[in-house]
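Visitor: I have a model open and would like to go through it with you. Could we begin with how the chains meet and then turn to the fold?

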Number of protein chains: 2
Amino acid sequence: MMMNQEAYASNILTGTTCFGMLQDDPRWQVAADRNDLILLCDSNTEKLCLPLLRELLFTDSGVPPCITIQAGEESKCFGTIEYLMRALDQHGATRNTILVNLGGGVVSDIGGFAASIFKRGICYVNIPTTLIGQVDAAIGGKTGINVGHAKNQAGTFYFPIRVCIHPLFLETLPETELNSGLGELFKYAMIGASFSLKQLHTLATNTPGALNDIISKCVQYKEFIVTKDPEESGLRKVLNFGHTIGHAIESSFLDMRLPVTHGAAVAAGIIAETYLSCHLNDLSHQLLEEATGFYLDHFQPLPFEGGTEASVLGFIYQDKKNSKGAINPVLLDKDGHPEWNSSVTADDILHGLRYLSSITH
Amino acid sequence: MMMNQEAYASNILTGTTCFGMLQDDPRWQVAADRNDLILLCDSNTEKLCLPLLRELLFTDSGVPPCITIQAGEESKCFGTIEYLMRALDQHGATRNTILVNLGGGVVSDIGGFAASIFKRGICYVNIPTTLIGQVDAAIGGKTGINVGHAKNQAGTFYFPIRVCIHPLFLETLPETELNSGLGELFKYAMIGASFSLKQLHTLATNTPGALNDIISKCVQYKEFIVTKDPEESGLRKVLNFGHTIGHAIESSFLDMRLPVTHGAAVAAGIIAETYLSCHLNDLSHQLLEEATGFYLDHFQPLPFEGGTEASVLGFIYQDKKNSKGAINPVLLDKDGHPEWNSSVTADDILHGLRYLSSITH
C-alpha cells in the first residue's frame, strides 16, 4: 500500500500522552465523528485492558463496538480471519472504518492482517498491551496467521496508521509475560539498540514504569531498521537475532509438553547464537560471558534432556525444509555488529545448543 | 507493496510475442532457472489451456508443478486460500517463487490474493484465458475472494509482475463466455476507451482474432486509469460503469434460478445507468438509443417478470447496507464522460429498470 508505506515512519506514539496525540490525528477524528471505529480485543484484554482504555481514550465518546476473539496463539488461523470479515461486516464496517487492536502480538498480528484484507484494506491502530507487543509485534507492519504448524505462513506487510504505547497497560501483565518481553529487550541490547545489558539488568529488577526509556529506544531502533528495509530484503533480518534457534527451542519444548515462554526461548536462542558468533566470527568471549550472566540472572534454566538437542535441530530443519537446506541465523561479527548473511551447519548449531545446555545444568 | 506498485505501469504484454517477452524478464529467468515457478489452474484451464501453454511457453523447460482448483465462483472462498497456502508449501514455494495464474477472473482473483499473502507476498504472473480476464480481471491489481454473499469482501491491491495476454486462448472459449466478455467491451466503449460502439459491433460479429486491437485499447485505457488511482479513491471508480445495477441484476436472476452471464448483466446495467444519465444528467438520447441498439443486437433479452425490479432494487440496497444508504453508480455526464460522484434514489433506479424491461419485451 503506497499510502500505507508513507505512514510508518512516524506513526508511533509513546508515553502517557499517546492517546491525546491519537485524538489529535485528523483521520482518527473523522472516523470517531462518524462512529466508524471498531475495537478488536481478545478474551484477556477485554477483561483486563478495555476498562483502562475506556478511561484513557473513550471517556467522552463511549466505547466503540468491540469484537472479541479467544486469547492465544491458536486464534492465529484462517477461521478467525473469516470470522472477523463477517463480524466487521455485521458491525457496519466500511472502507473508512478504523480497526483498533487492543492486545498483545496475537491481536495485532490477526487484527493487522484482517485490516489489510477487509474490502482490500482499511486503516488500523495498534494499542499493544504486552511488553513484546510494545517493543516488537505491534510495530513494523508485519501481520500474519499460522497455517498448520507453519508460523506466519499467511500475512501482509501493512502498517498501522498509529501505534499507541502506553505504559499503564504493562501493569496489567503477569510476571511471566513481563519476563517473556525481557527476551526481546535482551535481543535489542545485543544487536545495538543504544542500551547496555547492564542498564537492562538494573531496569529489569525495577518496576515496569522504569522500563519506559528502554522501550522508547527499542521502538526507535526498530523504526530505523524498518524504514530502511520495510519488507525484510536484508537489513531487517537483524531483528531476528536469537530467533532461528529460539523458535526451534520454543517448538521443541512445546512438542515435549514442557512449554516455555517466547521470551525465554528467544533468550536461549540469543545465547546459542552468540556462542556461534564467537566460534565462527571471532566475537569476543567477554560479550558471550556477559550475555550468559544476564541470561542466568533473569531466565529459568530450560529443562534440557538427552534428545532435546536433536529435537531442536529437527525443528530448525523442518522450518527450513523449503529453502534448499541452508540455515542462516543472524550472527554477530567480531565487532559485535549483527550480520544476516551467515550460513551455518547442523554441527555448528549442535555446538551452540551444547553450550546452552552446559550453562543451564 | 512499494516494489509492487512500481511494477504495474508497464507490466502488460499483449499479442503472440508476449511469452517471448516474459522469458526475457530477468525475474522470470531467475525463477525458471531455480525451478521456482508454480502454476495455478482451474479444472477447466488445466484441460483446455495448459496444453496450449506448454507449447507456447514451456517447450524447452517442461511444465512447472501445477496446483488445480475447482472452476467456478464458489472457489473464491477462504477454504481455497487455505488450501493454496498448504499446497504452495508442499510444492516447496519460497519467498522467491513466482506463481503463474492460468485462467479467467476467478483464477487471477484467487491466485493474486494467495500470492499477496503467502509468506507476506510473493511475485505472480497472470495469463488470462477469458475475454473478461484479458480486458479486466487480470489487470489492475485487484485480488479477492467472497465471504458469504459479499463479493470480494476480502482481498488486496497487489499487482502481478507481468500479465501475458495471448489471443490464442480466446479460441478455447465457448460462445457464451465470449459474449459475456463483450459486456465489458461495451462498458469500455461507453466510458471512452477510444473505440466506438460501431467498431465494436463490426468486430463482435467477426472472429475472436479480430478483437486484438480492441483488447489492446481496453488494456491501455484501464492501465491509464489504474496508474492514476491504483486503490480506487476516485477516478478508478469509472471502471464500475454499469456494474452497480449490473451486479444486482446478476444476483437477482441467480437468486431466481435464472442465471445470466456476468457480461449480460453488466450490459443490462449499462443500459439502465445510461438511461439514468439521460434522466438525471441530460445525456443525449441519441447515445442511449445507440447503446440500446447495440445491446439488443448482441445480448439475449433478460427474463424480466413482475417482481424482478423490486428484487434487483433489494440487492442494490443489500449490497449497500453498510454505506449509510447512498447509492452511487457511475453515470455519464451530459458530454458522455463518466463521473463517479452521482447519488441516485431508489425511484431513479426503478425508472432505469423499467426502461430496461420495456426494451426487452
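Visitor: How much area do chain B and chain A bury between them?
Guide: This is a predicted model. In it, chain B and chain A bury about 3,400 Å² between them, and 51% of that area lies on carbon and sulfur atoms.

Visitor: Now the fold. In what order do the strands of the open sheet in chain A come?
Guide: The six strands follow the order S1-S8-S5-S4-S2-S3, and their pairing is parallel. Strand S1 (12-14) and strand S3 (66-69) of chain A are the edge strands, each pairing on one side only. From one strand to the next, the twist averages 20 degrees.

Visitor: How many bridges join S4 to S5 in chain A?
Guide: Six bridges join strand S4 (residues 98-103) of chain A to strand S5 (residues 123-128) of chain A.

Visitor: Which strands does helix H7 of chain A lie across?
Guide: Helix H7 (residues 105-117) of chain A lies across S2, S3, S4 and S5 of chain A, at about 165 degrees to S4(A). Helix H6 (residues 78-90) of chain A lies across strand S2 (37-42), S3 and S4 of chain A, at about 165 degrees to S3(A).

Visitor: What is found at the start of helix H3 of chain A?
Guide: A side-chain oxygen of A:Asp25 comes to within 2.8 Å of the backbone nitrogen of A:Arg27 at the start of H3 (residues 26-33). After H3(A) comes A:Asn35, with a positive phi near 55 degrees.

Visitor: Back to chain B: is B:Leu39 buried or exposed, and why?
Guide: B:Leu39 counts as buried because its relative accessibility is 0%, and the cut-off for buried is under 20%. The residue sits in strand S2 (residues 37-42) of chain B.

Visitor: Which residues is B:Leu39 in contact with, leaving aside neighbours within four places in sequence?
Guide: Among them are B:Leu50, B:Phe58, B:Cys66, B:Ile67, B:Val100 and B:Leu102.

Key:
Residues numbered from 1 in each chain as written. Chains lettered and ligands numbered in written order. Predicted model: local features only at pLDDT ≥ 70, side-chain atom pairs only at ≥ 80, totals over all residues. Heavy atoms only, no water. Helix = DSSP H or I, 4+ residues; strand = E, 2+ residues; numbered from the N terminus. Buried < 20%, exposed > 50% of the residue type's maximum accessible area, 1.4 Å probe, protein only. Contact = heavy atoms within 4.5 Å. Pairing = 2+ DSSP bridges. Axes fitted to C-alpha atoms, helices over the stretch in contact; angles between N-to-C directions. Polar contact = N/O pair within 3.5 Å; in protein donor to acceptor, adjacent residues only side chain to side chain. Buried area = accessible area lost by both parts, 1.4 Å probe.
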